[in-house]
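This note sets out points for discussion on the two-chain structure shown below. Kindly read each point alongside the coordinates.

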Amino acid sequence: MPKTISEKILAHHAGKSEVFPDELVEARVDFAFGNDITAPLAIEAFRRAGARKVFDPERIGIIPDHFIPNKDIASAAQAVALRTFAREFHLPWYFEVGRMGIEHALLPEQGLVLPGEVIIGADSHTCTYGALGAFATGVGSTDLAAAMITGRIWFKVPPSIKFVFRGKRKPWVGGKDLILYTIGKIGVDGARYRAMEFTGEVIDSLPMSDRLSMCNMAIEAGAKVGIIAPDAITEEYVSVRAKRPYTFYRSDPDAVYEAVHEWDISDLEPVVALPHSPENVKQVTEIPETPIDQVVIGSCTNGRLEDLRAAAEIMRGRKVAPGVRCIVIPATQKIYMEAMEEGLIEIFIEAEAAVSTPTCGPCLGGYMGILAAGETAVATTNRNFVGRMGHVESKVYLSNPAVAAASAILGRIAHPGEVMSK
Amino acid sequence: MKMNGKVWKFGNNIDTDAIIPARYLNTTDSKELASHCMEDADPEFAGKVEPGDIIAAGRNFGCGSSREHAPIAIKAAGVACVIAHSFARIFYRNAFNMGLPILECPEGAARIDTGDELELDLDEGIIINLSKKEKYRAQAIPPFMQKLIQAGGLMEYVREQMSAGE
C-alpha cells in the first residue's frame with residue numbers, strides 16, 4: 001500500500017512491513033535526549049525504576065541549555081544532576097558549558113540526529129529534526145526515562161496532513177514566515193496529533209536552516225512531527241556531519257493524507273504573530289505602529305548562522321534605536337565562532353546589541369532578558385503565550401530574524417525593506 | 001474508578017506556561033510546583049483548590065512545552081481529574097504516564113462551569129453533573145492506556161518488562 005514518509009519510518013522501526021494511522025506501535029529509538037529542565041525528572045524516574053544501565057550510551061544526549069550557564073543555585077543543582085548521570089553512565093553526548101548549544105541547533109549540527117531515524121527528546125521542539133527527514137517528536141520526562149532503559153517507545157501512528165507551498169518567496173520571507181503563516185491558517189490545534197508534511201517547489205529550494213525553523217514550530221500547531229522529504233539539500237547538510245549511517249525515505253505519490261492544503265505564497269510579506277498566541281498571524285505591513293522595548297534574536301527556532309547573517313545584514317553600520325535592548329544569542333559555540341569569523345558579532349556589538357553565550361534563557365522567561373510589566377518584545381523565538389518571556393502583562397511578537405533586526409533599528413515593528421531603503 | 005469533585009473551569013488553549021510558568025522549573029519538587037499551579041491563568045488557583053477538585057477546560061489543554069512539571073503540579077495540587085474538549089498530545093501522554101486521570105469530552109467541556117459538582121466514572125467514561133442534573137459521555141480511554149493505568153504508570157510497565165528480560 002502507498003505510504004507517507006512518517007508511516008515508512010515508523011514501520012521500519014517497529015519491525016513491520018507497514019503501519020496505519022491510529023495504530024499503536026512500539027518503535028526502536030535511534031536517539032533520545034533531555035535538557036536541564038526535563039532530564040532531572042527523567043533521571044529520578046530512571047533511578048526509581050532501579051535501572052542499572054542505559055540501552056546504548058552512544059544514543060543518549062544530555063544537553064544543559066535552558067537555565068545554563070546556571071542562572072541560580074537551584075538551576076546549578078539541576079546541572080549537577082545531569083553531569084553526575086552522564087559521568088556515571090559514561091554518556092559521550094553530554095555537552096558542558098563552553099561546548100554546548102541549544103539542543104535543537106546543536107544535535108543536527110553535530111550529526112547526532114539523522115534522516116530516516118526515530119528520535120525522541122524531552123522537549124517539545126524535538127520536532128525540528130523533521131527538516132532532515134526524521135520522525136522526531138517531543139515527549140515527557142517519564143517517556144525519556146523509559147526509552148533510556150529500553151531503547152523503545154510506544155506511538156500512535158499519526159495521520160498525515162500535506163502542505164504544498166507554491167510560488168516564489170518574496171525577499172525577507174523565510175521558513176519562519178512560512179510556518180507562522182501555516183499556524184495562522186490552521187490554528188494552534190490545527191494539526192493536533194498529526195504529522196505535518198511540508199512539500200512544494202518553495203520547500204524544494206528552501207535552505208536547511210529555514211527548513212529547521214519550519215519543522216521546529218510544527219508543535220505550535222499541535223503536531224506530533226513536522227517533516228520534509230530528504231533531498232540534495234539534506235544530503236549536503238548531513239553527509240559532512242553524520243555520526244551514523246542514515247536512510248532517506250519519501251512519501252509515495254499516492255500516499256493517503258487526512259487533508260491537503262495548497263497555498264501560493266508569492267504575495268506573502270514577512271509576518272509576525274501577535275500576543276498571545278502563535279496563531280495570531282499578520283503580515284508586518286498590516287499591523288499598526290507598535291513601539292518595542294526589547295528584541296531577542298536567537299533560540300532553537302532562529303539562532304543559526306543564517307539567521308545571524310540575516311540580522312547582521314540589516315544592522316550593519318546602523319544602531320539599535322534609543323530605548324531598545326537588542327539581545328543576540330548564537331545557538332551553539334560553533335555558530336558563535338563562525339559568526340565571529342564572518343564579522344557578524346562585530347556588527348552586532350557596533351550596533352550596540354548585547355551578544356550572549358548560547359542559552360534558551362529569554363525564550364521561556366528563564367533569564368537573560370526578562371520583560372517587566374507593560375513591556376513589549378519582538379523575538380525570533382517560538383511562543384508568545386501570556387508570561388512566556390516574563391511578566392504576565394508583557395507582550396511578545398514572534399518574527400523572523402530580519403524583521404526582528406529591522407524592529408531593533410527603528411524601535412517599532414518594521415519591515416526589513418524599510419530599513420534597507422534608508 | 002469513581003470520584004466526586006467540584007469544578008474549576010478554564011478556557012481554550014491553556015498552555016503549559018500557564019499551568020506551571022518556566023520561572024519555577026528550577027525544581028522538581030512536586031509540592032513547590034503545586035504552589036504555582038495554574039498561576040499565569042489564575043494567580044489565586046493554588047490557594048483555593050482543594051483535594052479532589054476537578055479542572056475542566058476547552059480545546060487543546062496543555063499545549064506548548066513537554067514539561068512533565070505541568071501534570072505533576074496539577075496532581076500535587078490535589079486535582080483528581082482534568083476534563084477537556086481536547087488535550088495537546090504531549091500533555092495527554094504525560095498525564096497517563098504520571099497517573100493523572102484525564103477525560104476528553106467536548107459536550108461536558110462546553111456545559112460544565114466553575115462550582116459544578118461532578119460525579120465521574122473513569123472506567124465507563126461517564127460524567128454526571130450533579131449541579132445541572134446532566135450526564136455526558138467522555139471518549140473511552142484507549143485499551144493501551146488502560147493497560148498503562150493498570151500497571152500503575154509507564155515506569156511500572158517498563159519495570160515489568162525489565163524483570164521479564166532478566
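This is a predicted model: local features need pLDDT of at least 70, side-chain atom pairs count only at pLDDT 80 or more; totals for chains, interfaces and linings use all residues.

**Helix packing, sheets and the chain interface**

1. The crossing of α2(A) and α5(A) is right-handed. The axes of α2(A) and α5(A) lie 8 Å apart, and the packing angle is about 50°.

2. Which residues make the contact between α2(A) and α5(A)? On the α2(A) side they are Leu41(A), Ala42(A), Ala45(A) and Phe46(A). The α5(A) side supplies Ser141(A), Thr142(A), Leu144(A), Ala145(A), Met148(A) and Ile149(A). Sorted by class, this contact holds eight nonpolar and two polar residues, with no charged residues.

3. Helix α5(A) is mostly covered, with nine of its 10 residues buried. Among the buried residues are Asp143(A), Ala146(A) and Ala147(A), as well as Leu144(A) and Met148(A). Just after the helix, Gly151(A) adopts a positive phi of about 70°.

4. In total, 43 residues of chain A are in contact with 35 residues of chain B. On the side of chain A that touches chain B, the elements giving two or more residues are α2 (39-48), α3 (73-88) and α5 (141-150) of chain A. Of these, α5(A) gives the most, with seven residues. The residues on this side of chain A comprise 19 nonpolar, 14 polar and 10 charged.

5. Helix α4 (residues 69-76) and helix α5 (residues 89-98) of chain B pack at about 50°, and their axes are 9 Å apart. These two helices, α4(B) and α5(B), are therefore oblique to each other, and their crossing is right-handed. The contact draws on Ala70(B), Pro71(B), Ile72(B) and Lys75(B) from α4(B), together with Phe91(B), Asn94(B), Ala95(B) and Met98(B) from α5(B). By class it has six nonpolar residues, one polar and one charged.

6. Turning to the sheets, chain A has an open sheet of four strands in the order β10-β9-β8-β11, with parallel pairing. Strands β10 (225-227) and β11 (259-264) of chain A stand at the edges with a single partner strand each, so one side of each has no neighbour in the sheet. On average, neighbouring strands of this sheet are turned by 20° against each other, direction ignored.

7. Within that sheet, β8 (residues 160-166) of chain A and β11(A) pair in the parallel sense over six bridges. Ile161(A) stands opposite Ala259(A) in β11(A). Helix α1 (residues 5-14) of chain A packs on the sheet and touches β8, β9 (195-199) and β10 of chain A. The direction of α1(A) makes about 115° with that of β10(A).

8. Chain A also has an open sheet of five strands, ordered β4-β3-β2-β5-β6, with parallel pairing. Which strands stand at its edges? They are β4 (93-94) and β6 (135-138) of chain A, each with a single partner strand, so one side of each is left without a neighbour in the sheet. Strand β3 (residues 60-63) of chain A pairs with β4(A) in the parallel sense over two bridges, and Ile62(A) stands opposite Tyr94(A) in β4(A).

Technical notes:
Residues are numbered from 1 along each chain as its sequence is written. Chains are lettered from A and ligands numbered from 1 in the order in which they are written. Two residues are in contact if their C-beta atoms, placed from the backbone, lie within 7 Å. Ala, Val, Leu, Ile, Met, Phe, Trp, Tyr, Cys and Pro count as nonpolar, Asp, Glu, Lys and Arg as charged, and the others, Gly among them, as polar. Axes are lines fitted to C-alpha atoms, for helices over the stretch in contact, and angles run from 0 to 180 degrees between N-to-C directions. A crossing is left-handed if the near helix is turned anticlockwise from the far one by less than a right angle, and right-handed if clockwise. Two strands pair if DSSP finds at least two bridges between them. Angles under 35 degrees count as roughly parallel, over 145 as roughly antiparallel, 65 to 115 as roughly perpendicular and the rest as oblique. A residue is buried if 20 or more other C-beta atoms lie within 10 Å of its own, exposed if 12 or fewer, and partly exposed in between; C-beta atoms are placed from the backbone.
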